[in-house]
Amino acid sequence: MFSKLREVLKSFTQRVAEVLGYRELSEKEIEEFCEKLFVDLVEADVAVDIAQTIVELFKEKLKNVKVPRGSNTEDTVVEVAKDIVLELLKRGEAQDPVLLIKDMIRQSKPVKIIFVGVNGVGKTTTIAKVAYKLIQNSLKPVIVAADTFRAGAQEQLKKHSLNLGVAFIGGRYGADPAAVAYDGINFAKKHGLDVVLIDTAGRMHVDVDLMNELRKIVKVVNPNLKILILDALTGNDAIEQAKLFNEAIGVDGVVLTKVDADAKGGAALSVIVGVGKPIFYLGVGQKYDDLEVYRAQIILERLFK
Ligand SMILES: Nc1nc2c(ncn2[C@@H]2O[C@H](COP(=O)(O)OP(=O)(O)OP(=O)(O)O)[C@@H](O)[C@H]2O)c(=O)[nH]1
Ligand SMILES: [Mg+2]
């Protein structure tokens, strides 16, 4: 995870520290180092506008960087770089979703959470992972398969619920997804369950009919949380997806999946920094416990390991 990005940052800070070790950087050197940094970031799949933002921040900071007497030059430069990157990573920081859900339960239950996103990003897998997290926190979820469109979607989610020992509500193929979701909510009310996790069919953010259908589901369900699932590997397109889903239904937070598969790291970073929504979790694998609460500080440590 993040390996290419880590290399880019390391070689940049080393190059800067080499000069700073015996004199201040000239304007020209700052320009050159930052130019190279920009190219390297883009090569590590960082989106161009995000790479530009990062480089501008470095240009500003490097003008005034002073190495205190007796300090290690490279450590000083790394600290400067960490400050910049941490500031950016914090844009995605969110409250721990389990704590958020517990707060909501205290107001009224069941808490209704709907998961949306384009095809194949990891909605169904993420729901299973979230259900697992809730159980670990002594909460009782029900999983609702309101994806009545894709063949096999019901079975896929039912299998997860059996594995996890979690209640499951599904619907016939082609049934009204809003009605299935409603059944799930009623089931939770009847059995005193805490959380209703609603899966929806994958849909392209540019498909007007399917986005209208989603609006209808949201209207019927009136969810406490609308969670958008984004695939880290899609980088810039993920930001476009977020924009359109947000316009259609309003998005409360994001789960960024397949971060483990983004070997370079730049695509994931671009979504974290550019999406403009809280990142609730990172999906880091296919197992039930491969779901990490997003913490800027933890990503920072990985980037500067
Ligand atoms: N490596 C990795 N794979 C993941 C992750 N999350 C999901 N996947 C895989 O991505 C594929 C698609 O996952 P699904 O959960 O079926 O995606 P979906 O969004 O529900 O797909 P549709 O319902 O068809 O729109 C599966 O093979 C998952 O195992 C993750 O965090 N890391
Ligand atoms: Mg699915």
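Predicted model: local features only at pLDDT ≥ 70, side-chain atom pairs only at ≥ 80, totals over all residues.
I checked the peptide bond that joins Lys109 and Pro110, and it is cis, with omega about 5°. I then turned to Asp45, which lies in the loop between α2 (27-43) and α3 (48-63). Phi of Asp45 is near 75°, a positive value in a residue that isn't glycine. I flagged both spots because most residues other than glycine have a negative phi, and most peptide bonds are trans.

**Entry: domains**

I looked up how the protein is divided, and got domain 1 (3-92) and domain 2 (97-303). The contact between the domains takes 21 residues from domain 1 and 22 residues from domain 2. Their centres, taken over C-alpha atoms, are 36 Å apart.

**Entry: the sheet**

In what order do the eight strands of the open sheet run? I traced β3-β2-β4-β1-β5-β6-β7-β8, with mixed pairing. At the edges I found β3 (167-169) and β8 (291-293), each of which pairs on one side only. From one strand to the next, the twist averages 25°.

Strand β7 (residues 279-283) pairs with β8 in the antiparallel sense, over three bridges. In that pair, I saw Gly283 standing opposite Leu291 of β8.

Next I asked which strands helix α8 (residues 177-191) touches. The helix packs on the sheet and touches β1 (111-116), β2 (141-146), β3 and β4 (195-200). I also noted the angle: the direction of α8 makes about 165° with that of β2.

**Entry: ligand 1**

How many residues surround ligand 1? I got 18, and the closest are Lys123, Thr124, Thr125, Asp260 and Gln286.

I went through some polar contacts one at a time. Lys123 has a polar side-chain atom 2.8 Å from an oxygen atom of ligand 1. For Lys129, a polar side-chain atom lies 3.4 Å from an oxygen atom of the ligand. With Asp260 the ligand supplies a nitrogen atom, 2.8 Å from an N or O atom in the Asp260 side chain.

Last, I looked up how much of ligand 1 is covered. Taken alone, ligand 1 exposes 650 Å², and the protein buries 81% of that.

Definitions and conventions:
Residues numbered from 1 in each chain as written. Chains lettered and ligands numbered in written order. Heavy atoms only, no water. Pairing = 2+ DSSP bridges. Helix = DSSP H or I, 4+ residues; strand = E, 2+ residues; numbered from the N terminus. Axes fitted to C-alpha atoms, helices over the stretch in contact; angles between N-to-C directions. Contact = heavy atoms within 4.5 Å. Near = heavy atom within 4 Å. Polar contact = N/O pair within 3.5 Å; in protein donor to acceptor, adjacent residues only side chain to side chain. Areas by Shrake-Rupley, 256 points an atom, 1.4 Å probe, with all protein chains shown as cover. Domains from an automatic or database assignment.
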